[in-house]
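Subject: Handing over the structure

Dear colleague,

Please find the structure below, together with its sequence. Once you have had a look, read on for what was found in it.

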Amino acid sequence: AIAAEDRAAIEDGLAKARLLHRAGRDAESRAAMAGPIARAEELAGPRLRARVLRTQVGLLCFEDDESTPPPVREALEATLAVGDLRAFADVASCMLDLEQDAGRDIEIWLRLAEAALTASGGDEQLLGKLLTNYGNALRREHRLEEAITAYREVLELRRRPSNQRPEILGDALFNLANGLFLRGAEQDAIPLLDEAIAVWGRELGPEHPRLLMPLGMLTVMHFRRGELAEAEAVASRGLAAMAKQYGEMHSRVVDMRGLLANVLFYQGKFEAARGHFEAALAGARASPGKPRAIGYALSNLANFHVAMGELDAAATALAESESMLRPLVEPPNPDLVTLEGNLGILALRRGDIDAAERRLRAAVEMFERVKEPGQDYEPDIQIAYAEVLVRRGDAAGALAAVAKLPGGDPRKLKYTRDRAAGLAALARAQWELGERAAARTAAREAAEIYAELVPGYPIEREQLARWQAERAGR
């Protein structure tokens, strides 16, 4: 028999560790577990020792820190030895993740856990956890439809009145939203993410670390859909929370800052965007072992320099970006499509039409080789390529390049700045083909859109105004 004070100390330590874990304070949670683990090994009987091991597995199983692997096999043996089948099922659900990470079969652990739950009389909470872990393993194996089915079952369980932990409803909402996001069903995922953020904010607090990932994902979804005001609001909130939680130089903060910079850039908010682009690059450089992140940050900053007319700065940034990204990938590759496209756009802005045509044609041809079924052409590259073709006297080819834009018409593009640039390219091609009325209409529409983006995109706006003035009355 264990002394009452020792039992109480173990129970109190377990409760404290669970509360810290729930608050997102994982390092403190691990430290709090040290006492119960030591006392259990020295003093506790098999049943209490099994509880300690089960709690330890539950706290460690899904942490990013792999320095302390969870004692899963010891916990399985201990829970089975005392006949606690529910605890055995709980630990077995963790094995789904570990076995999948190791590239081994996960189905046997699903069946074992299900059998243990059935033999113990069932438990909705444990069943939800088991199906969640199963869905996570399926998702990592790219079996998205099966994962989404599992996540839907979990959400149904978590919405029942019997659920005594509202925050795990947020988990279920987030997991299903993530699965739908990966499948491309962003319209269905956004309301689920909004609800998950609301649930976690209410139950765990507005600055809980669990909110950070859904805020980042929601920003990406709004950005991809062209909902830039919404993306800016969510990204600003997410960036502030991430910087407070991790510090300015953490990779997640750097990624979110780069995303916010692009959101501001696409809206024409150039001065605000500049600071975030530069800070994102500084953060990426703070991790020299991640050349890809540095290369992306340099590429983003270079695009900004081009839009500002700072072409020497853009050339310097792109040269360094190329030196980092090219050794990492073999052609054809999407990263190289973007790199060649950016180099071609820079050459075009510098007036080097030969280099621009070579780079942009390489980007277009490489994209044809790497694109996924149904994937859209990159508007920046297609529009710049159309401009090059007009200057080469191939207006018909330029019109064909514009027709390859998503939706086949610049007016259907998601981003206002892309619609303006696409319409300007369309106007130039139509004019050379003798379609003067259509060209004037397209140019007028482009000018109206650029006016909405003031003070952003001054060079493009001035070039278009000059083009229109030269053709007035003709």
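To begin inside the protein, phenylalanine 265 and phenylalanine 304 are both buried; please keep in mind throughout that this is a predicted model. The ring centres of phenylalanine 265 and phenylalanine 304 are 6.0 Å apart and their planes stand at 65°, so this pair counts as edge-to-face, the class for planes over 60 degrees apart. Because phenylalanine 265 belongs to helix α13 (residues 251-266) and phenylalanine 304 to helix α15 (residues 291-308), the pair ties together parts of the chain that are 39 residues apart in sequence.

How many aromatic pairs are there by this rule? The count comes to 14, and one of them joins phenylalanine 223 to tyrosine 415 in a tilted arrangement, with 5.3 Å from centre to centre and 35° between the planes. That pair links distant parts of the chain, since phenylalanine 223 is in helix α11 (residues 212-224) while tyrosine 415 is in the loop between α20 and α21, 192 residues apart. Phenylalanine 223 and tyrosine 415 are both buried.

Next come two helices. Two packed helices are described by the angle between their axes and the distance between the axes. Here, the axes of helix α20 (residues 395-403) and helix α21 (residues 416-432) come within 8 Å and cross at roughly 145°, and the crossing of α20 past α21 is left-handed. On the α20 side the contact is made by Ala395, Ala398, Leu399 and Val402, and on the α21 side by Ala425, Leu426, Ala429, Gln430 and Glu432. Sorted by class, this contact has seven nonpolar residues, one polar and one charged.

Finally, is glutamate 462 buried or exposed? Glutamate 462, which has its place in helix α23 (residues 458-470), has 52% relative accessibility and therefore counts as exposed, the cut-off being over 50%. From C-alpha to C-alpha, glutamate 462 and phenylalanine 223 are 27 Å apart in space, and they are 239 residues apart in sequence.

Definitions and conventions: Residues are numbered from 1 along each chain as its sequence is written. This is a predicted model: local features need pLDDT of at least 70, side-chain atom pairs count only at pLDDT 80 or more; totals for chains, interfaces and linings use all residues. Side-chain values use heavy atoms; hydrogens and water are left out. Axes are lines fitted to C-alpha atoms, for helices over the stretch in contact, and angles run from 0 to 180 degrees between N-to-C directions. Helices (H or I, at least four residues) and strands (E, at least two) are DSSP runs, numbered from the N terminus. A crossing is left-handed if the near helix is turned anticlockwise from the far one by less than a right angle, and right-handed if clockwise. Contact means heavy atoms within 4.5 Å. Ala, Val, Leu, Ile, Met, Phe, Trp, Tyr, Cys and Pro count as nonpolar, Asp, Glu, Lys and Arg as charged, and the others, Gly among them, as polar. Rings of Phe, Tyr and Trp (its six-membered ring) pair if their centres lie within 6.5 Å; planes under 30 degrees apart count as stacked, over 60 as edge-to-face and the rest as tilted. Buried means under 20% relative accessible area, exposed over 50%, partly exposed in between (1.4 Å probe, protein chains only).
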